[in-house]
Amino acid sequence: MNLITFGIDDKLLNNSCQDLISKKKNILFNHSYQKNKFFQNRSKYKIANTFYYNNDLKLKKKLNYIDKTYNTLLIYLSKKLNNVHNKNFKKKYWEIIIGKWLKTFVYQMYVNWEILNEIEKKYNIKTFSKIILDDKLFLPNNTWHAHILIKSGIHKFNLFHHWTISKMIDYKKKLKINHVELNKNLKLKKHIVKLDKSVKFENVFYKSIDEKIFYYLWDVPKIIKLELMKHFRFINLKVNEKNLELNQTNYFDRDDIFAYQDKSKNFASFLKSIIKYTFPKIFLEDFINLELAYKKIKWPKKPKYILTTYPYYDELFKFYCAENYRTGSKLIITQHGYDNIFKYDDWFVNKMFDTQLTWGRNKKKRLKSFLFTKNYVKNKTLFRFKKSNKVILLLYSFNEMEDRLPQGNLDNFSINKNIFLFTREYLINLKKDLLNKNDIKILQQTRYPILKNSIKKEFKKIKFMGMEKIFKKVIFNYNLSVHFFIGTPFFESIYLNRPTILIFEKKNHLRLNKKFKYFLKKFRENQICFSSPRDAANFINKNYEVLDDWWNSPKKQKIIDEFCHYFCIRSKNLKDELNNFLKN
């Protein structure tokens, strides 16, 4: 059997190699065939089935191994960076700068590593079709560029994953290689360059007596920023954006810097073998530009607290944080979504920051509760039903590039299909007059709109909106929101005290902790959560006109308030909140 790991619909190969694709002895990696317009269509290709949902006891061990590998690579790269840049900084300094890139890189590479291992165990793979590519082709300029390449399933020519898997196969030396040639008309290098965008930073007007607080890329409502400035007597305003000038570049021999030999053949060793092709230039050749720009910026020097929400792609700001952390500043990151519901920390936590302000009451070290970053209400409002309002359905559509480990999880295609089947069953069982009151908001991360296409094919009159409209700005136009996945909008809706229904399929989600499971049970008892889309539809058929009586009942409101206390905090006193998170 022959393994194919590139997108077979993208006409990547030259004409002489095209006949390879239709051969029955091929088996495809999960992301290699994506172009079906509808979920009902059958694939004419054999796609590897390596994901399975169960209570795999290995999952926790795998996640711990990812963390261990991340730390191994962080120590390794910190030493390299100190050496080439003639520094003597601690690991923490470099983690602030490269941590987000490294965490994503290690995690995504391990997902592919484990999928490949599962394929090798389950199928009798003898050969592998390898496209001839320049190893330097995917060298990223910065963190953004690297992440776009890693998630390149949303773009044409998702060859970064083919290249990394081919390097894994080369590293293991188990399969016979069939070399195939890329279509020369693709202009792949030009496409990869286009995926990048200029590194920007914000020009800020800042005035303060003591330079105690500086916020930057801090995603909180204006009222919170104004209260903070008033309370601590400073001015912190964005003026405009500027491009980071990349006028100087140092030459480094990457082959020499990352020269590495290890016969262990484990995952960490593999990453070290390809790091010279994947380590962003901004941390090596272009690093001098960060040092030069840092000297010119007019951000406050040595503030006591630095607050942020989205620091991931602003390379200059991360450098600023590292420099000021080294001299005593405390870095505080406000999480921009929900948290505190998972059994395992298998998402990308920001461990490089001193304190994380979380929306939930999390007892873990360095985590503090804080009102949500995007919404702020002084008082809980009472819901009132309006005949002119409708129902909004929140649907997620996940990336073709797998971002979960195959052990114990479903693949993203199966999750998307489950969401479609649940949505379909819900809509079919609604009364006709209520069916016409449903709009759909799709939070789409996929390359092809297969979820939208599949729904639209059967329900032609239904209206769709995309990610361009923020949920918090449309929710008040609807009497009810129906959620098929536990995402941030689910918590936003409950926080704002808007009628909310969750149609829950546990296989679509990461492992949930005991506290959240307790509330799922309470929500089921109170008809806020349903396991059956039909039951949810029947409930709405009977109760739509009296939603305010249902939602505003003292029993429901007591449970909702208790839920918010743990997972989506409502602030009782903004000044107290602001004082509290700055306490040591």
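Before going on, a word on what we are looking at. This is a predicted model, where local features need pLDDT of at least 70 and side-chain atom pairs count only at pLDDT 80 or more, while totals for chains, interfaces and linings use all residues. Residues are numbered from 1 along each chain as its sequence is written, and side-chain values use heavy atoms, with hydrogens and water left out.

Now to the sheets. Helices (H or I, at least four residues) and strands (E, at least two) are DSSP runs, numbered from the N terminus, and two strands pair if DSSP finds at least two bridges between them. As a reminder, strands of a sheet pair through backbone hydrogen bonds, either parallel or antiparallel.

Here is one to find on your screens: an open sheet of four strands, ordered S2-S1-S3-S4, with parallel pairing. At its edges are strand S2 (26-28) and strand S4 (176-180), each pairing on one side only. Neighbouring strands are turned by 35 degrees against each other on average, direction ignored. Those angles use axes that are lines fitted to C-alpha atoms, for helices over the stretch in contact, and angles run from 0 to 180 degrees between N-to-C directions.

Let's walk across this sheet. Strand S1 (residues 2-4) pairs with S2 in the parallel sense over three bridges, and there Leu3 stands opposite Ile27. Towards S3, S1 pairs over two bridges, again parallel, and the bridge partner of Leu3 in S3 is Phe128. S3 and S4 then pair in the parallel sense over five bridges, with Val180 in S4 as the bridge partner of Ile131.

How many of the five residues of S3 are buried? Five of the five are, so to speak, under cover; buried means under 20% relative accessible area, exposed over 50%, and partly exposed in between, with a 1.4 Å probe and protein chains only. In a regular strand the side chains alternate between the two faces of the sheet. In S3, Thr127, Ser129 and Ile131 are on one side and Phe128 and Lys130 on the other, and all are buried. Helix H4 (residues 159-172) lies across S1, strand S3 (127-131) and S4, at about 130 degrees to S3; contact here means heavy atoms within 4.5 Å.

On to the other sheet I'd like to show you. It is open, has five strands in the order S6-S8-S9-S10-S11, and its pairing is parallel. Strand S6 (213-215) and strand S11 (367-369) are the edge strands, each pairing on one side only, and the twist averages 25 degrees from one strand to the next. S6 pairs with strand S8 (residues 305-308) in the parallel sense over three bridges, with Phe214 opposite Ile306 in S8. Helix H10 (residues 315-326) lies across S6, S8 and strand S9 (330-334), running at about 155 degrees to S8.

Next, the cores. A nonpolar core is a set of buried Ala, Val, Leu, Ile, Met, Phe, Trp, Tyr and Cys residues joined through side-chain atoms within 4.5 Å. The largest has 129 residues, of which Trp101, Phe279 and Trp299 touch the most other members. Helix H2 (residues 91-122) gives the most to this core, with 17 residues. Apart from it lies another core, of 73 residues, among them Leu394, Ile486, Leu496 and Leu520.

Finally, the aromatics. Rings of Phe, Tyr and Trp (its six-membered ring) pair if their centres lie within 6.5 Å; planes under 30 degrees apart count as stacked, over 60 as edge-to-face and the rest as tilted. That rule gives 64 aromatic pairs. Trp94 and Phe287 have ring centres 5.6 Å apart and planes at 45 degrees, so the pair is tilted. Trp94 lies in helix H2 and Phe287 in helix H9 (residues 287-296), so this pair ties together parts that are 193 residues apart in sequence. Both residues, Trp94 and Phe287, are buried.

Trp101 and Phe279 form an edge-to-face pair, 5.3 Å centre to centre with 75 degrees between the planes. Trp101 is in helix H2 and Phe279 in the loop between helix H8 (267-278) and H9, 178 residues apart. Trp101 is buried, at 1% relative accessible area, and Phe279 counts as buried at 1% too. Thanks, everyone!
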